[in-house]
Each structure stands twice: as C-alpha cells, then as structure tokens.
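Hi everyone, thanks for making time.

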Amino acid sequence: MKQDYYEILGISKNATPAEIKKAYRKKAIEYHPDKNPGNKAAEEKFKKAAEAYEILSNENKKARYDQYGHAAFENGGGNGFGGGGMNMDDIFSQFGDIFGGGFGGGSFGGFSGGSRGRARVKGSNLRIRVKLTLEEIANGVEKKVKVRRKVMAEGATYKTCTTCNGVGQVMRVTNTILGRMQSASTCPTCHGAGEILDKRPKTADSDGLEFKEETVSIKIPAGVTEGVQLKVNGKGNAAPGNNAIDGDLIVVIEEIPHETLKREGTNLHFDLYINFSEAVLGISKNIDTVTGKVKIKIEPGTQSGKILRLRGKGLPSIDNYGNGDLLVHTNVWTPQTLSTEQEAFFEANKKDENFKPSPSKLDKSFFEKVKDMFS
C-alpha cells in the first residue's frame, strides 16, 4: 500500500495551499541530498515528499486524490510521475523555485542530476478533450488522437553556452564588510539550460523547434468521470536543448449523453414505460445496459414507480471497488384517448373492488423508495 500523501507531509486534509507548501519545503530541506549525501533512505523520503506535493498542490489532482486515493492516478490516471516515481532531475526542475532562489543558487549549491546547477527546461503542456460513450467508460478504452506539437527540428543542433560554460549559472563575487561573498544566479544567455542553439534549419523557429502532427495513443481506464484529467507524459511541446524535457499532454474527459441511460456516480438509471394491461397482467421486457440488452420480468399487478435493481449492471468505480447498479424505474402509462368500447369497460369497472386503490404497509411511498434506493 502506498503511503498517504497527507501523512508524508505531516498535514491534515484541511490544510491550506500555503500550509501544504510550507510542509513540503520543510521535508525537502530535511531530506535534501546535499544534506544527506549517500543516504538512500533520505533520498527516497525526498522523492516521496515531492510526489505528495505535486498532487496536493494542484487543486484538481487534490480533489481526485481526496475522492479516489492513489487509484485516481493508476492505469494512466496521470500523476506527474507516470506511475514510476519522479527522478531527481524532475523534482529540481519543477519545484526548485519553491525556495525562492531555487535549489540551484540557494542553500544547497545546485540542481541535482548530470550537471550540477543546470536546469532541465521543460516544454509547455498541451490540452485536449476526448469524448467517451457510457459503453467506453464501462470497459475502458484506448483512443488514438492526432496532436500538433512542437518537436526539435531535424538538423537542429545545440552547443554549450559560452557564458556559463554549460553550468546554467553564473557566479558573482561582491565585497562586503564581512569579506568577499560569492553568489550564483541563472545564466542570462541560456536561462539555466546550459545550451544554446548552434545550427538552425530553415523550418525551425528561433529555438530550433517546429510543429509536427503526431498520433498519440491514450489508454483510458474504466470508470472515469466527466472532467477527469489524465496525463500522457512527454507528449506535449518540446523545449529547446539536448537536456530539455518534453511537456505533457493533458486529456480532459467528456461524457456523451446516452439515449436511454442516465448516470449517477457508478449507478445507472433507466425509465421503463409499460401500458396499463402490461402492468395488470405482467410482461417480460428487454432493456438497455452498458453491456447490451437484458430481459427483465414485470410481475402482474406492478405499480407505477416501482424500482427494480439490477446489481452490478452499472459502471465500474475508478478505484476498483466494484460496479454500481442499474435502477429500472417502472412507469405505468395511463391512456389519454379511449374508444367507446374501452370507455365502457372502464366505466363498468370503476367501482369494482379490484380497481380500488388499497395499498398495504408493504407498498412503500415514493419517498420511501428513494430512501431505500440510496441506502
């Protein structure tokens, strides 16, 4: 079982964004690799704290985590770590600024990774919407979409920045009453990347990038809901430089309304209309489900408003807690136009004892039925 994110940061679920940030900063300082050289346990805690902060500092991801727990980001659910955890370069590039001056020029002497001090520039994210039917939501689906994204142009090359010699930072020495003080700041030429464009193809922009259409495969887990955002790592826009990281593709789920089924969480509702004769005599009916049609039996003497529950015929929960139910609402249709013979029949039976309403204690009211439905 993965450790609870709130527990990792030592905060409550009601923590404010400022409290979440403060808690993460405290943990990051405590377990920072520069303060714990060679300590694998501290490094692991450092990564876990970053993972927790990446989720809880994002309003949308936090809401999904509060509702579904870790399952919200499994099977392509889209946390920042692709399911495999964040590496040190990712942490320093995304959260380095949480210390104001950043890890690179602050207390700890530089970014982690292959080049101390060098920032890994990340490209911008792209956002698309994908529409799903209830049937696709019920089973999970793989969608292929075309995305127009920035990529490194063929023939573009980069060279080491001559201003910072590839470090990503420049050092400055100042004289103070306390003596000579040395400080670091982001390189103004390469903006911390350590590289600058060397050869620019004709099709490329000033960063050596060009637009390209690409087909991206998206695996969507069963049970997603309207508005859920999934992340496909590395399928956003590229950033300039050999050391850069591609942005991500954010996929927003839209639900296509079903013709006969209405969704409520994992439960589905179906309005079944039967005529007066069918209610009196009983009948078998085929109704829609997300896995095809099923036959149900309407017992003789069925009253309008009766709810039939088909267990497990609803939608799966995204956190693997099983399927919801299909609730069939029975509606007896009262004829509005009658023939002379039909009018005579009902007139003759108007005072018949079998036609008089005589509900027993077992015949629940509408409100009792609703209460039972949600209990």
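I'll start with the sheet and then move to the residue.

A quick word on ground rules: this is a predicted model, where local features need pLDDT of at least 70, side-chain atom pairs count only at pLDDT 80 or more, and totals for chains, interfaces and linings use all residues. Residues are numbered from 1 along each chain as its sequence is written, and side-chain values use heavy atoms, with hydrogens and water left out.

Strands here are DSSP runs of E, at least two residues, numbered from the N terminus, and two strands pair if DSSP finds at least two bridges between them. Strands 10 and 11 (residues 267–275) run antiparallel and are joined by four bridges.

Now, where does D325 lie? D325 sits in the loop between strand 14 and strand 15 (326–333). Is D325 buried or exposed? At 11% relative accessibility D325 counts as buried, since the cut-off for buried is under 20% relative accessible area with a 1.4 Å probe, protein chains only.

What does the side chain of D325 reach at 2.9 Å? That is the backbone nitrogen of G312. Among the residues D325 touches, beyond four places away in sequence, are T266, N267 and K313; contact means heavy atoms within 4.5 Å.

Methods: Buried means under 20% relative accessible area, exposed over 50%, partly exposed in between (1.4 Å probe, protein chains only). A polar contact is a pair of N or O atoms within 3.5 Å; within protein, one must be able to donate a hydrogen and the other to accept it, and residues adjacent in sequence count only if both atoms are side-chain atoms.
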